[in-house]
Amino acid sequence: MEAIKKKWFFISLAYVFIIYYIFIIHLKGTQQSLYLILISLYVGITAILFLGNIVGFPGLVLHAFFHREDKALPFYRAAYKLGCKSSQLLAAYGLILLRRGDAQNAREIFEAALAANRNVFYTRTLKANLAICEWKLGQPQKAYDDYLA
């Protein structure tokens with residue numbers, strides 16, 4: 001399942017080109033019901049593969065736009081349990097835990113966010129958050145080393 005998730009962008013591109021070729025070029029737009037069935041199948045598979053991200057998104061909206069950390073927390077918790085791979089969602093969840101004094105669990109969340117991170121500009125922020133967790137857990141040297149690593 002993880003291998004499919006990692007290659008889903010390329011699978012999606014191939015799927016779109018195949019659909020385009022079959023329905024637009026070859027069938028000239030006929031059989032719209034088959035087209036809708038195949039698109040629905042694609043959306044359904046995507047939703048299953050990235051269920052954690054989908055569940056966590058309402059939490060991100062509540063947290064970022066309405067500043068309702070208390071309402072966002074259950075969404076983040078459920079997303080993490082469902083295997084969320086969005087570093088932004090995980091970082092937001094980790095920050096809430098850190099603000100509430102749960103540095104041990106926040107460290108675990110930030111480590112997962114670093115592992116899932118694909119944005120090089122966001123890496124330093126995640127490392128800083130991880131270092132804050134280490135510092136709060138009484139390990140200032142490890143915090144320093146983790147941040148500079």
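Is His-67 buried or exposed?

His-67 is exposed, with a relative accessible area of 64%, where exposed means over 50%, buried under 20% and partly exposed in between, for a 1.4 Å probe and protein chains only. This is a predicted model, in which local features need pLDDT of at least 70 and side-chain atom pairs count only at pLDDT 80 or more, while totals for chains, interfaces and linings use all residues. Residues are numbered from 1 along each chain as its sequence is written, and side-chain values use heavy atoms, with hydrogens and water left out.

His-67 sits in the loop between α4 (51-66) and α5 (69-81), helices being DSSP runs of H or I with at least four residues, numbered from the N terminus. Although His-67 is not a glycine, its phi is positive, at about 55°.

## Cysteines

The search of the whole structure finds 0 disulfides, a disulfide being a pair of cysteine sulfur atoms within 2.5 Å. The sulfur of Cys-84 has its closest cysteine sulfur in Cys-133, 17 Å away, which is too far for a bond. Cys-84 counts as buried at 6% relative accessibility, and Cys-133 counts as buried at 0%.

## Lining of the largest pocket

Helices α1 (2-6), α2 (8-26), α6 (87-99) and α7 (103-116) each supply at least two residues of the lining of the largest pocket.
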